[in-house]
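Visitor: Please show me the structure, and then take me through it by question and answer.

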Amino acid sequence: MSHFETDAIRIQRRSDLKEHSSPIFITSSFTFESAEEARAMFADEIQGNIYSRYSNPNSSDLIEKVCRAEGTEDGIATASGMAAMFGSIASLLQQGDHILASRSLFGSTHQLLTRVFPKWGITSTYGDISDCQNWDKLVQPNTKMLFLETPSNPGLEIIDLEWAGKFAAAHNLILVVDNCFATPYLQQPAKWGAHIVTHSATKYIDGQGRVLGGLILGKKDLIKEVQFFTRHTGPSISPFNAWILSKSMETLAVRMDRHCENALKIAQYFEGNPELDAVRYPFLKSHPQHDLALKQMKAGGGIITLTLKGGLARAQRFIDQLQMISITPNLGDSRSIITHPASTTHSKLSPEERAHS
Ligand SMILES: Cc1ncc(COP(=O)(O)O)c(C=O)c1O
């Protein structure tokens, strides 16, 4: 029987030395017993580690733990979250394909869709999730992928994953969900029909602001194509970073419980403050998709979005007066942080695009 915390702690490849805690496998390649074994492994007739660009025991531990947590069949660990976003799209689509995406996306993901992929003939259209009854009209004959982020960064928009799973199935689309803000502890998109789940492991999975990492998880047949792409293009995670992230999975559940408990208290504290235009937190009743959040998330997550009256200058004054909170964009850290997305992570978006993010 699978249990979140037990799996996150106990999944591990043990070497012949019978170590209790996993060592770090800092090695670029692995050796073979014979030339014949080398041939058979390269031909995929037998399984094993060949070269750390393809696989490494540390990345395999990490992938297995997060797959077990997400309920996905297989996966790939990458050097950063953006390598995972890029790899999931680039490996599964080709020139002429079209992506339908939710409008509220992380800034760099938005840049991928609007500036990088169009260079290779992969286009995209954004849909408004408050109007998903009309998304049928946005599907084109060449639409191959539905790309979503829920809760979104930074607006904390929630997308109905049950609806998304059914919509993707009805239109024969690959459903990709960036599950970074929720983590597999709070939400498992594959349960609702996502074919691919992506992560910036840099965030809550690390949880202590140390390393970058990403994950692409999903159905075996699709991950096989992703593996081909990553094996030959090389966005592999370093064994050290994979080791850190695999160790961090051991404490993800307790950290998330505390993040969510603290965030809810802070959100409740700020609600109704006359200096604010809005306080957004998925588990506040005032959140426009509160019922949806309750349906698909175990708790509300660790991020609160505040909209201060008075624009950028007022927001900057507020940020600069905080005593202990770090001014940095890396969320999911044990140290509380604050950021002003419009002038930092989302500053490359046009004012119109930012209004929807
Ligand atoms: C929702 C989301 N997706 C992707 C990324 C990119 O991850 P990374 O910084 O690890 O490349 C981030 C980073 O903040 C994010 O918040």
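**Ligand shell and helix packing**

Visitor: How many residues surround the ligand, and which are the closest?
Guide: This is a predicted model. The shell around the ligand holds 16 residues. The closest are Ser-80, Gly-81, Met-82, Ser-200 and Thr-202.

Visitor: Which helix gives the largest share of the shell around the ligand?
Guide: Helix 4 (81-92) and helix 5 (107-116) each supply at least two residues of that shell. By class, the shell has six nonpolar, eight polar and two charged residues. The largest share, three residues, comes from helix 4.

Visitor: At what angle do helix 3 and helix 9 pack?
Guide: Two packed helices are described by the angle between their axes and the distance between the axes. For helix 3 (residues 57-70) and helix 9 (residues 239-249), the axes are 8 Å apart. Helix 3 passes helix 9 in a left-handed crossing. The packing angle is about 35°.

Visitor: Which residues of helix 9 meet helix 3?
Guide: From helix 3, the contact uses Asn-58, Ser-59, Asp-61, Leu-62, Lys-65 and Val-66. Seven nonpolar, three polar and two charged residues make up the contact of helix 3 with helix 9. On the side of helix 9, the residues are Pro-239, Ala-242, Trp-243, Leu-245, Ser-246 and Met-249.

Visitor: Is helix 3 largely enclosed or largely open?
Guide: The buried residues of helix 3 include Leu-62, Ile-63, Val-66 and Cys-67, and also Asp-61 and Lys-65. They pack against helix 1 (4-10), strand 1, helix 7 (183-186), strand 6 (196-200), strand 7 (214-218) and helix 9. Because eleven of the 14 residues of helix 3 are buried, the helix is largely enclosed by the rest of the structure.

Visitor: How far apart are the end C-alpha atoms of helix 3?
Guide: Helix 3 has 14 residues, so at 1.5 Å a residue it should span 20 Å. The model agrees with that expectation, as the end C-alpha atoms are 20 Å apart.

**Loops**

Visitor: Which residue follows helix 3, and what is its phi?
Guide: Most residues other than glycine have a negative phi, and most peptide bonds are trans. The residue that follows helix 3 is Gly-71, with a positive phi near 70°.

Visitor: How far in space is Glu-73 from Gly-218?
Guide: Glu-73 is in the loop between helix 3 and strand 1 (74-78). It counts as partly exposed because 14 other C-beta atoms lie within 10 Å. Leaving aside neighbours within four places in sequence, Glu-73 is in contact with Cys-67, Gly-218, Lys-219, Lys-220 and Ile-223. Glu-73 and Gly-218 are 145 residues apart in sequence, but C-alpha to C-alpha they are 5.7 Å apart.

Visitor: What is omega for the peptide bond from Asn-153 to Pro-154?
Guide: Pro-151 lies in the loop between strand 4 (143-149) and helix 6 (161-170), and Pro-154 is also placed between strand 4 and helix 6. The bond from Thr-150 to Pro-151 is cis, with omega near -10°. The bond from Asn-153 to Pro-154 is cis, with omega near 5°.

Visitor: Is Leu-156 buried or exposed?
Guide: Leu-156 is found in the loop between strand 4 and helix 6, and its phi is positive, near 55°. Because 23 other C-beta atoms lie within 10 Å, Leu-156 is buried.

Visitor: Is Asp-44 buried or exposed?
Guide: Asp-44 lies in the loop between helix 2 (35-42) and helix 3. Its phi is positive, about 65°, although Asp-44 is not a glycine. Because Asp-44 has 7 C-beta neighbours inside 10 Å, it counts as exposed.

How values were computed: Residues numbered from 1 in each chain as written. Predicted model: local features only at pLDDT ≥ 70, side-chain atom pairs only at ≥ 80, totals over all residues. Near = placed C-beta within 6 Å. Helix = DSSP H or I, 4+ residues; strand = E, 2+ residues; numbered from the N terminus. Nonpolar A, V, L, I, M, F, W, Y, C, P; charged D, E, K, R; others polar. Axes fitted to C-alpha atoms, helices over the stretch in contact; angles between N-to-C directions. Left-handed = near helix turned anticlockwise from the far one by under 90°. Contact = placed C-beta atoms within 7 Å. Buried ≥ 20, exposed ≤ 12 C-beta atoms within 10 Å, placed from the backbone. Expected span 1.5 Å × (residues − 1).
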